[in-house]
Amino acid sequence: MRKWLPLIAVCLGAFMLLVDVTIVTVALPDMATSLHTTFADLQWVIDGYALALAALLLGAGSLADLVGRRRVYVAGLVMFAVASLACGLASGPGQLIAFRALQGVGGAAMFATTMALLSHAYQGRDRGVAFGVWGAVNGAAAAAGPIVGGLLTEHLDWRWIFWVNLPVSVVAVAVTLRVVKESRNPHAAGVDLPGTVSFTLAAGSVTYALIKTGDNGWGSTTTLGLFGFGALALLAFVLIEARSSRPMLDLRLFRSPSFVGIMIGGLLLSAAAFAYLVYASLWLQSVRGMGPVTAGLALVPMSVLAFLTAGIGGRRLHGVPPRLTIGGGLLLIGAGALLQAVIGPDSGWSVLAAGLAVSGVGVGLATPAMAAAAMAAVPPARAGMAGGALNTARQLGHALGIALLGAVFQAGLTRSLEHGTGTGTGDPHGTAQALSGGQAGAVVARAADGARPAVEHLVRTAFADGLRDTFLVSGAFGLAGGVLVLLMLRRPAAPAGAPAGDPAATLVGDPTGARH
């Protein structure tokens with residue numbers, strides 16, 4: 001048993017940080033009521049965490065190589081615990097968003113070091129077992145998030161979705177300090193601070209611009225200015241990385257069409273499969289009247305099917321070209337989103353079930369193959385960087401997806417409400433803000449008695465229209481990602497950055513160099 005204690009320590013941290021990506025979803029309506037949040041606030045509660053993860057993953061990995069992976073992992077656990085305590089004590093949306101971002105910083109420190117810690121702790125067959133368990137824990141975390149969040153929110157309080165991390169963090173720190181050995185890279189060059197800052201500014205400004213389009217409009221000076229600033233920050237990041245002798249992200253990796261296709265696939269997978277769940281949860285609770293537990297259970301088909309498919313497919317699809325599993329998985333994700341676009345004003349939760357199940361199968365097919373293909377497309381010395389880049393792309397896709405689909409969702413609400421201004425709902429834009437902030441019940445309650453049935457129908461119609469638009473855009477993301485992956489991963493090539501004749505040109509896991 002003692003042999004597996006390092007695995008337990010690492011899996012505890014991984015489970016916590018990944019659960020916290022989804023655990024918040026079903027608690028958003030209760031948060032909105034308790035803290036009097038706006039729609040933008042609700043988006044930032046999730047995006048603040050996802051952005052911090054995306055922006056700091058590669059930098060945290062570099063820091064861990066320099067000062068010690070165990071040290072950075074434990075520091076991340078402590079920061080995550082402190083931020084979780086602060087999130088539960090937050091008295092306003094601004095505090096909650098700030099502490100969620102701090103959670104993301106701790107999560108990035110943990111996420112960036114888990115694989116390296118396991119690799120150092122285990123060898124041979126034990127290493128394969130450890131990574132298998134770690135992967136299963138990652139899948140279980142995604143499935144458990146909505147259920148655990150629903151149970152804690154409904155039977156205790158939404159604040160407990162954060163406080164539950166405290167005892168887990170204490171156990172993880174104690175076990176890590178006792179049984180996990182320190183490791184570092186003796187050739188580490190240090191942290192690429194300019195690259196980290198410029199990438200964070202680029203991702204943050206674009207996300208903020210997307211979130212604020214509901215208030216400012218797409219053509220406003222503020223929106224265009226934020227997009228322009230984001231573009232300049234991205235350009236600065238590219239120039240910094242191109243001129244650095246030890247870059248955080250080696251831009252030569254992007255010479256490989258396969259690597260580019262995998263990064264695009266990772267970005268679009270998260271945007272297509274997971275971003276709309278925030279708005280589906282709002283609909284289930286504020287319009288369909290579900291509690292947090294039942295709303296969480298309604299969203300579970302995707303996570304369960306993803307978990308089962310990844311477990312079964314990992315054994316039975318070995319040897320199938322990654323372009324087929326990744327591309328086919330993304331196409332299924334897109335099809336699943338489009339299946340949910342049949343939603344109407346009188347639809348119940350079951351309208352989501354089939355689409356969520358199809359998308360779950362797609363996630364289970366694409367995700368494991370995507371990680372392996374990313375590392376196969378680069379030289380062995382760059383495998384860690386490739387894995388970090390893929391995780392960054394996926395978290396960034398989640399953050400940008402929530403922001404973009406939020407703008408689509410709110411535009412659909414507003415457009416639908418504009419057709420029903422005579423029912424007593426007042427200003428369509430203001431009503432859309434209230435609905436997207438989880439206040440559907442309050443909107444109906446404010447209507448005059450005689451107009452209440454018409455207002456209630458209008459609210460159901462507006463939500464259905466807004467969700468239909470988000471499902472259509474999500475479906476387009478999934479289908480586009482699938483087509484691009486199928487096209488860009490078609491021909492095998494030497495891993496990006498590997499010189500001609502380098503042994504690294506042989507595909508990892510495929511000594512024959514067969515087509516992938």
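Is R159 buried or exposed? In this predicted model, R159 is buried, because its relative accessible area of 18% falls under the 20% cut-off.

**View 1. R159 and its surroundings.** R159 sits in the loop that joins α7 (124–155) to α8 (160–163). Leaving aside residues up to four places away in sequence, the contacts of R159 are S34, L35, C87, G88, L89 and A90. The relative accessible area of R159 is 18%.

**View 2. The second largest pocket and its centre.** The space in this pocket comes to about 610 Å³. Its lining consists of 25 residues. Nearest the centre of the pocket lie F199, L234, F254, L267 and L396.

**View 3. Helices and residue classes around the second largest pocket.** The lining of the second largest pocket counts 25 residues. Two or more lining residues come from each of α3 (39–67), α10 (193–216), α11 (221–243), α12 (257–273) and α17 (383–418). By class, the lining holds 23 nonpolar and 2 polar residues, with no charged ones.

**View 4. The protein chain as the setting for the close-ups.** The protein chain contains 20 helices and 0 strands. Of its 516 residues, 54% count as buried. Among contacts with a separation of 6 or more, 82% link residues 24 or more positions apart. The chain exposes about 20300 Å², and carbon and sulfur atoms supply 67% of that area.

Methods. Residues numbered from 1 in each chain as written. Predicted model: local features only at pLDDT ≥ 70, side-chain atom pairs only at ≥ 80, totals over all residues. Heavy atoms only, no water. Helix = DSSP H or I, 4+ residues; strand = E, 2+ residues; numbered from the N terminus. Buried < 20%, exposed > 50% of the residue type's maximum accessible area, 1.4 Å probe, protein only. Contact = heavy atoms within 4.5 Å. 1 Å grid on protein atoms, 1.4 Å probe; cavity = no way out; pocket = protein on both sides within 12 Å on 5 of 7 lines; lining within 4 Å. Points joined across faces, edges and corners; volume = space filled by probe spheres on them. Nonpolar A, V, L, I, M, F, W, Y, C, P; charged D, E, K, R; others polar. Areas by Shrake-Rupley, 256 points an atom, 1.4 Å probe, with all protein chains shown as cover.
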